[in-house]
Amino acid sequence: MPNAKPTVAVISYHAPPVLNAESILVWKTLKVLKSWFRLRLITASVPSADTTLALPDDIEVERLPTWMPSAYKPRRALEKIIGRFADEAWLWARQTPASMDLPVDLLYSRSQPGASHLLALRWKLRTGKPWIAQFSDPWAHNPYHMSRTPRRKAFDEANERAVVAKADALVFPTQEILEQYVHLYPQVPVADKSIVLPHHFMPELYPERVERPAEIADKLLFAYLGDFYGQRSPEPFVAGLEKALGERPGMRQRVAVEFYGNVESKFEPIVAQSPVPIRKGRVSYLDSLARMRQADVLVLIDAPSATGRNPFLASKLIDYLGAGRKILGITDVEGTAADILRAQGHVVCSPRDVDGIASAMVAMMDAYQRGESFSVPVPMAYSSAEVVGKLAAHMERLLGETHMK
């Protein structure tokens, strides 16, 4: 009789039916990870109208209340108040789930938010079970969180230090973020207990064929899938497009642009000034993959960093790779995102380089006029089966080392 699968407690504040980048990553990860382990997910009970992503039936789910208002605006207001002093999900992380009293072999927590790691830290201290903490973004020293109060910064730094010290293994999406943690915590052997695993895509989620609406059937279609907020602005794309069409005025009626996601109000005037009308909308995750397959050029836009080296890896970039379309990467020319794009033959332009963006667009317009294909090979090294398979192997090694002690 085969041995039973080891049980892994997965602690993640975000999970379906919530629709955001971290929740989608959790969904894809668990769908593959359950082949190796019995999974018990501890997540938040957050209201959501999205029903397109369903967790597999063979995953046990415990949803802990957040005590937040269900209405969006009151909830966001309360989160802002709490966020001045502590992690917005700190109250959620202070609970003791019923699962903490059940047998478990390994703990696996994911952020953002960091509260997932805080709950896992309490679980680790209580049971001593081996623990893997995975970070999608930097936590206490995120360069785009400069407006946080000194009290909030101190809260995050103290808790991050404890998590990094107590976790048995750490997982980061880029080498840049790993190096940041090595530098920040020299008293902890961060490099020795860390691995770098990128985000991943599921090939089976993309439709084989997609039909375009008649009004854009014969146009070069640029598509951006994601939100514009904070320092992530549509301005470099719109400015580059204006300049490119100045050089290729005959293409003005043959170019189409689509933005799918939320556009922060401060960016609406920029979108309105586009040299071609931009079709905007919001779609489900699965529909977004179909939209990617429908496009000729997928546009990645990252906020420019102060150093010119982007430490982040947007999950939508990896979804773009799975769509098999040409990518215009408007991102820092140094960093993991740029390295991945160049390795796959895609274009990289700094958000500050409008001339370079325009030149790339002109080249794409010329290629379209020549009738060239915008389909490209799909790099399966970033598939969920490959990436999550490496995570599962890492978990098995950690369990083996624990049993040998």
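**Exercise 1.** Find which ring the charged end of K326 sits over.

*Solution.* Start at K326 and look for the ring of F374: the charged end sits over it, 4.7 Å from its centre. "Over" has cut-offs here: NZ of Lys or CZ of Arg must be within 6 Å of the ring centre and within 35 degrees of the ring normal.

A quick note before going on: this is a predicted model, so local features need pLDDT of at least 70, side-chain atom pairs count only at pLDDT 80 or more, and totals for chains, interfaces and linings use all residues. Residues are numbered from 1 along each chain as its sequence is written, and side-chain values use heavy atoms, with hydrogens and water left out.

**Exercise 2.** Work out how the rings of F135 and Y181 are arranged, and what parts they tie together.

*Solution.* First, the rule: rings of Phe, Tyr and Trp (its six-membered ring) pair if their centres lie within 6.5 Å, and planes under 30 degrees apart count as stacked, over 60 as edge-to-face and the rest as tilted. A search of the whole structure turns up 15 aromatic pairs. One of them is F135 with W139, tilted, at 6.5 Å centre to centre and 40 degrees between the planes.

Next, F135 and Y181: their ring centres are 5.2 Å apart and their planes at 50 degrees, so this pair is tilted. F135 is in strand 5 (residues 131-135) and Y181 in helix 6 (residues 175-184), so the pair ties together parts 46 residues apart in sequence.

Finally, F135, W139, F172, Y181 and Y185 make up one aromatic cluster.

Notes
Helix = DSSP H or I, 4+ residues; strand = E, 2+ residues; numbered from the N terminus.
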